[in-house]
Amino acid sequence: MYLQRRNRILRRSAAIRSLVAETILRPSDFIAPLFIDEGENLATEIASMPGYYRRSLDLTEKEVKELWSMGIRSVLLFIKCKDEWKDNTGKEAWNPDGLMQRSIKAIKDAVPEMVVMTDVALDPYSSFGHDGIVKDGEIVNDETVEALVKMSISHARSGADFVAPSDMMDGRIGAIRSGLEENGFTQTGIMSYSAKYASCFYGPFRDALDSAPGFGDKKTYQMDYANRTEAVRETLMDVEEGADIVMVKPAMAYLDIIREIKNTVDVPVSAYQVSGEYAMIKAAAKMGWLDENKAVIESLTSIKRAGADLIATYFAKDAVRLLG
Ligand code: PBG
């Protein structure tokens, strides 16, 4: 055979492959999600997320120091709220001495340069386990947005670098941006969960925070996974309203959406490899059906290749070790 082009030439050795690799993961691509609980010296493994822990604040500080020393530059905080502090207003979410507020301060004290991002949504604080305020069985938009603004300002006041609204209410990015401006928080960023789908892949996360919805589902606010153009519309609106970074969530089943968004907006795009994606890889590896390390790097590389500039992932530490 005489061939003008032989594509295998560029795949011939590891050295050649490394010369032409288009997508390279680096530690600063990753955002490490952290689950924080009250108490001291506590690390509880999450049953549906083997190898991942919910930690008390003292142990979280240690963890953040370790993450920083490994080259990870950002953490995304989630807290577990005690049942007796949950109600339908979600007011514990803006308690100046709340666990989230104390955690932001402690982490910024421990590692001042670490970029601290905070989840903004009412579900961990809601007696109904919904991301918003419930009235007559419905999740009301505008009152919820007012609560989210209070929550965001409170996080900014505690020292958060970015607030990350994950609730999918309408108009929240613009309202949060105005609230931050009015209160002088001109350096606080917004990483918006812009295209967040109503997904079964959040199941293990809801175990971690005991935040599963008490009735119904989240389909009246999170997006229908059948839709693509809606993701574009949501994301463009968030950018217009003042989002600094946008997000697609989940990641692996939504690589087409990540690419679509990357081609559409001129702000950084993040993607969230969610709890169920972590659980799937862990479970298959435990059964001996997948090579965990290879699955971790392949999945993260494909998310970056799809267009994610940043990736929130429970595999952040594993990935850095494997890349090392
Ligand atoms: C809270 C929130 C959720 C996740 C991130 N922020 C749960 C949900 O929307 O039900 C999911 C993260 C994961 O599954 O890893 N609104």
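**The interior: cavities and rings**

Modeller: The lining of the second largest cavity consists of 8 nonpolar residues and 1 charged residue, with no polar ones. In this classification, Ala, Val, Leu, Ile, Met, Phe, Trp, Tyr, Cys and Pro are nonpolar, Asp, Glu, Lys and Arg are charged, and the others, Gly among them, are polar. The model is a predicted one, in which local features need pLDDT of at least 70 and side-chain atom pairs count only at pLDDT 80 or more, while totals for chains, interfaces and linings use all residues. Residues are numbered from 1 along each chain as its sequence is written, and side-chain values use heavy atoms, with hydrogens and water left out.

A cavity is a set of points, on a 1 Å grid over the protein atoms alone, where a 1.4 Å probe fits but cannot get out; its lining residues have an atom within 4 Å of a point. Grid points are joined across faces, edges and corners, and the volume is the space filled by probe spheres set on the points. The second largest cavity has a volume of about 40 Å³. It is lined by F78, I79, M100, D119, A121, P124, Y125, M151 and L209.

In total there are 2 cavities of 30 Å³ or more.

A charge sits over a ring when NZ of Lys or CZ of Arg is within 6 Å of the ring centre and within 35 degrees of the ring normal. The charged end of K249 lies over the ring of Y202, 4.6 Å from its centre, and K196 also lies over the face of Y202, at 5.2 Å from the ring centre. K249 is joined to P250 by a cis peptide bond, with omega of about -10°. P250 belongs to the loop between strand 10 (245–249) and helix 8 (255–264). Helices (H or I, at least four residues) and strands (E, at least two) are DSSP runs, numbered from the N terminus. As background, most peptide bonds are trans.

The account now turns to the rings. Rings of Phe, Tyr and Trp (its six-membered ring) form an aromatic pair if their centres lie within 6.5 Å; planes under 30 degrees apart are stacked, over 60 edge-to-face, and the rest tilted. The whole structure holds 13 such pairs. In one of them, the planes of F35 and F78 stand at 50° with the ring centres 5.9 Å apart, so this pair is tilted. It links distant parts of the chain, with F35 in strand 1 (residues 30–37) and F78 in strand 4 (residues 74–79), 43 residues apart. F35 has a relative accessibility of 2% and therefore counts as buried; F78, also listed in the lining of the second largest cavity, is buried with a relative accessible area of 2%. Here buried means under 20% relative accessible area, exposed over 50%, and partly exposed in between (1.4 Å probe, protein chains only).

Another pair, Y52 with Y278, is edge-to-face, with 5.9 Å from centre to centre and 75° between the planes. This pair too links distant parts of the chain: Y52 is in strand 3 (residues 49–56) and Y278 in helix 9 (residues 275–286), 226 residues apart. Y52 counts as buried at 11% relative accessibility, as does Y278 at 2%. The residues of both pairs come together in one aromatic cluster formed by F35, Y52, F78, Y193, F205, Y272, Y278, Y314 and F315.

A polar atom of the S74 side chain lies 3.4 Å from the backbone oxygen of V115.

M168 has a positive phi, near 70°, and is not a glycine. Most residues other than glycine have a negative phi. M168 is located in the loop between strand 8 (162–165) and helix 5 (172–182), and at 4% relative accessibility it counts as buried.

Key
On a 1 Å grid over the protein atoms alone, a cavity is a set of points where a 1.4 Å probe fits but cannot get out, and a pocket is an open set with protein on both sides within 12 Å along at least five of seven lines; lining residues have an atom within 4 Å of a point. A polar contact is a pair of N or O atoms within 3.5 Å; within protein, one must be able to donate a hydrogen and the other to accept it, and residues adjacent in sequence count only if both atoms are side-chain atoms.
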